[in-house]
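Visitor: Please take a close look at one part of this model: the aromatic rings and what surrounds them. Keep it brisk, and give the cut-offs as you go.

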Amino acid sequence: MLENYFPILVFLVIGTVIGAMLIGLGLALGKLMGHDRPDSEKLSPYECGFEAFEDARMKFDVRYYLVAILFIIFDLEIAFLFPWAVALGDIGMAGFWAMMIFLGVLVIGFIYEWRKGALDWE
């Protein structure tokens, strides 16, 4: 029974060895090429191309998070269109109308968010 797990063990060992070798090679080349010489520019905080002017623990406006969450939600829902489009020939009209209902709910949700002002960036 344990011999069935041997290919998994070999895969894990080879993956670990290759990963460790690539990390070691990257570190060695970094030191060899001089990329590991920190200066004031490399050590300075970088945020959106300008120096930070407030405390790093300041509160962000909730609209920033709202737009980010809405983007993720709509982006993930749109990802369902790709397998649907590939399988459209096999699922027939029932699958087509099920996706139209899904898209209708998605559009209604988008219109609701738009009307509520969740997408306004002011």
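Guide: The chain has five helices and zero strands. Helices (H or I, at least four residues) and strands (E, at least two) are DSSP runs, numbered from the N terminus. Along the sequence the pattern reads α-α-α-α-α.

This is a predicted model, in which local features need pLDDT of at least 70, side-chain atom pairs count only at pLDDT 80 or more, and totals for chains, interfaces and linings use all residues. Residues are numbered from 1 along each chain as its sequence is written, and side-chain values use heavy atoms, with hydrogens and water left out. The predictor's confidence in each residue, pLDDT, runs from 0 to 100. Its mean over the chain is 83, and 86% of residues reach 70 or more.

Now the rings. The structure holds five aromatic pairs. Rings of Phe, Tyr and Trp (its six-membered ring) pair if their centres lie within 6.5 Å; planes under 30 degrees apart count as stacked, over 60 as edge-to-face and the rest as tilted. Phe-102 is partly exposed, with a relative accessible area of 26%. Buried means under 20% relative accessible area, exposed over 50%, partly exposed in between (1.4 Å probe, protein chains only).

Phe-96 and Trp-97 also pair edge-to-face, at 5.0 Å centre to centre and 80° between the planes. Phe-96 is partly exposed too, at 24% relative accessible area. Ring pairs also join Phe-74, Phe-110 and Trp-114 into a cluster.

Glu-113 lies in helix α5. Glu-113 is buried yet has no salt bridge. Such a bridge needs a side-chain nitrogen of Lys or Arg within 4 Å of a carboxyl oxygen of Asp or Glu. The nearest side chain of opposite charge is Lys-116, 9.0 Å away. For charge, Lys and Arg count as positive and Asp and Glu as negative; His and the chain ends are not counted. Leaving aside neighbours within four places in sequence, Glu-113 is in contact (heavy atoms within 4.5 Å) with Leu-70, Ala-118 and Leu-119.
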